[in-house]
Amino acid sequence: MTNRPGGTAGRALKWTGLIVLGWTVPAIIGASGHFAGMSMMGNGMPGSHVIGHSLAIWYAWVPVTPLILLAWRRLPHTGAGLAAALPVHAVLVTTVFLLQAVFATAVGHRTGHVPPNVGVAEAIRGSVAEQAAYDLLIYVGLLAAVAGVDLARRYRERDLRASQLEAQLAQARLSALQMQLQPHFLFNALNSVAMLVRRQQTREALDVIVGFGELLRYVLDEAGTTDVPLRDELRFVRQYLEIERVRYGDRLTIVLDAPEELGSAVVPNLVLQPLVENAIKHGIATRAAGGTVAVTAACRGDTLVLTVRNDGPPLPHGWTVEEADGVGLRNVRERLAASVGGDARFTIGNAGDGTGAAPATGVEATVTLPYRVATRGPRVPAPAPAFEARTG
């Protein structure tokens, strides 16, 4: 069996090339500096010796470098374990001394820089004495560089794990909030069915059950989905409003207005339904004459603005959305904070022209999101702005 190029043999070849390249750089720099210095001093020296001697000194590190890296990863370097690691490093640096001495002596004899009457042992001792202090500094510097790279890698891995954990926690929180919201409005829909049955409005109750089945199918299909295209959210809201229309009849006027080109915009799943439910509960149910609920979507610059408005009674003085204790509003606020963060705004206030010239008419909830386009699923035509000025 042979190793693939991307397997163990390929990785070994890659690292060998990087190590050789890494030590070639100081070898060239050293040879250039040595040759320039000798030339300036008028002490001529064959270029073959200068280059050969520099390569011998620096390439002696090549076979030892993998062992140094292995020792750093396998041996402890703090506390009591440091004493056990020191002899290993001593052996490694001594190996470098000897390799350098042997290589430099061989080059010197070859180029004639080492006189023939100087024995090999004497030449090796002289080379070790000359290079020992310098090599110790290089060895310590190499260990420091390896430690720095290792520390940086650990920090990156820690940050990656932290970001992954943060994303998982955010996803879990969003899922929990969505699971909390779904039973809330499904329970309300069942209450509508029960009310119609008690009134013996069989046809209306059947219509609500059919619509409820569509809502339930959507909820099950989108279980665990945090973001959906705006067209899907509006389709869900329209089905929900059809159920409410059966319940309230002519008392409920619905306006649903969203440009078709915004159908692919990304919105949090079930972000509009709690606002619509709240608008009906506080704006329509409290008035014998009923009223209007308007749902609109608009693009303003790089933001998507969703509004749900009723023409019911205004909010009491001093009311704020942060203090709202309803499940739906609190859920919307927390989901926006978890999924979009500071880029989302959620406000509820009395509707009007904002100038004080006219009294407030009803209540308006506004969700402002960064405009993003959905990429999942095929593009389908967005629902037409149905219910425009429609009653009954």
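Biologist: Is helix α8 (residues 273-283) mostly covered or mostly uncovered, and how many of its residues are buried?

Modeller: The model is a predicted one. In α8, the buried residues include Gln273, Pro274, Leu275, Val276 and Glu277, and Ala279, Ile280 and Gly283 are buried as well. Helix α8 is therefore mostly covered, since a residue counts as buried under 20% relative accessible area. The number of buried residues is 8 of 11.

Biologist: Which residues of α8 make the contact with α7?

Modeller: The axes of α7 and α8 come within 10 Å of each other and cross at roughly 25°. From α7, the contact draws on Glu233, Phe236, Val237, Tyr240, Leu241, Glu244 and Tyr248. On the side of α8, the residues are Gln273, Val276, Glu277 and Ile280.

Biologist: Why do residues three or four places apart in an α-helix point the same way?

Modeller: The explanation lies in the helical repeat.

Biologist: Are α7 and α8 roughly parallel or roughly antiparallel?

Modeller: The two axes cross at roughly 25°. Angles under 35 degrees count as roughly parallel. The crossing of α7 past α8 is right-handed. The angle therefore makes α7, relative to α8, roughly parallel.

Biologist: How many residues in the contact of α7 with α8 are nonpolar?

Modeller: The contact includes Phe236 and Leu241 of α7 and Ile280 of α8. By class, it has 1 polar and 3 charged residues. The number of nonpolar residues is 7.

Biologist: At what angle do helix α6 (residues 202-221) and helix α7 (residues 230-248) pack, and are they roughly parallel or roughly antiparallel?

Modeller: The axes of α6 and α7 are 9 Å apart, and the helices pack at an angle of about 160°. Angles over 145 degrees count as roughly antiparallel. The orientation of α6 to α7 is therefore roughly antiparallel.

Biologist: Is the crossing of α6 and α7 left-handed or right-handed, and how many residues of the contact are charged?

Modeller: The crossing of α6 and α7 is left-handed. Helix α6 contributes Glu204, Asp207, Val208, Gly211, Phe212, Glu214, Leu215, Tyr218 and Val219, while α7 contributes Asp232, Glu233, Phe236, Gln239, Tyr240, Ile243 and Val246. The residues of this contact comprise 9 nonpolar and 2 polar. The number of charged residues is 5.

Biologist: Is Gln200 buried or exposed?

Modeller: Gln200 lies in the loop between α5 (120-198) and α6. Although Gln200 is not a glycine, its phi is positive, at about 60°. Its relative accessible area is 69%, and the cut-off for this class is over 50%, so Gln200 is exposed.

Biologist: Is Leu270 buried or exposed?

Modeller: Leu270 is found in the loop between β3 (266-268) and α8. Leu270, not a glycine, has a positive phi of about 60°. With a relative accessible area of 1%, against a cut-off of under 20%, Leu270 is therefore buried.

Biologist: Which residues does Ala56 touch, not counting residues up to four places away in sequence?

Modeller: Ala56 has its place in helix α2 (residues 47-59). At 7% relative accessibility, Ala56 counts as buried. Leaving out residues up to four places away in sequence, Ala56 touches Gln100, Phe103, Ala104 and Val107.

Biologist: What separates the C-alpha atoms of Pro76 and Leu86?

Modeller: Pro76 lies in the loop between α3 (65-74) and α4 (81-111). At 39% relative accessibility, Pro76 counts as partly exposed. Pro76 and Leu86 are 10 residues apart along the chain, and their C-alpha atoms are separated by 9.9 Å.

Biologist: What percentage of the residues of the protein count as buried?

Modeller: The protein has 9 helices and 8 strands. It exposes about 22000 Å², of which carbon and sulfur atoms supply 62%. Of its 392 residues, the share that count as buried is 38%.

Terms used. Residues numbered from 1 in each chain as written. Predicted model: local features only at pLDDT ≥ 70, side-chain atom pairs only at ≥ 80, totals over all residues. Heavy atoms only, no water. Buried < 20%, exposed > 50% of the residue type's maximum accessible area, 1.4 Å probe, protein only. Helix = DSSP H or I, 4+ residues; strand = E, 2+ residues; numbered from the N terminus. Areas by Shrake-Rupley, 256 points an atom, 1.4 Å probe, with all protein chains shown as cover. Axes fitted to C-alpha atoms, helices over the stretch in contact; angles between N-to-C directions. Parallel < 35°, antiparallel > 145°, perpendicular 65-115°, else oblique. Left-handed = near helix turned anticlockwise from the far one by under 90°. Contact = heavy atoms within 4.5 Å. Nonpolar A, V, L, I, M, F, W, Y, C, P; charged D, E, K, R; others polar.
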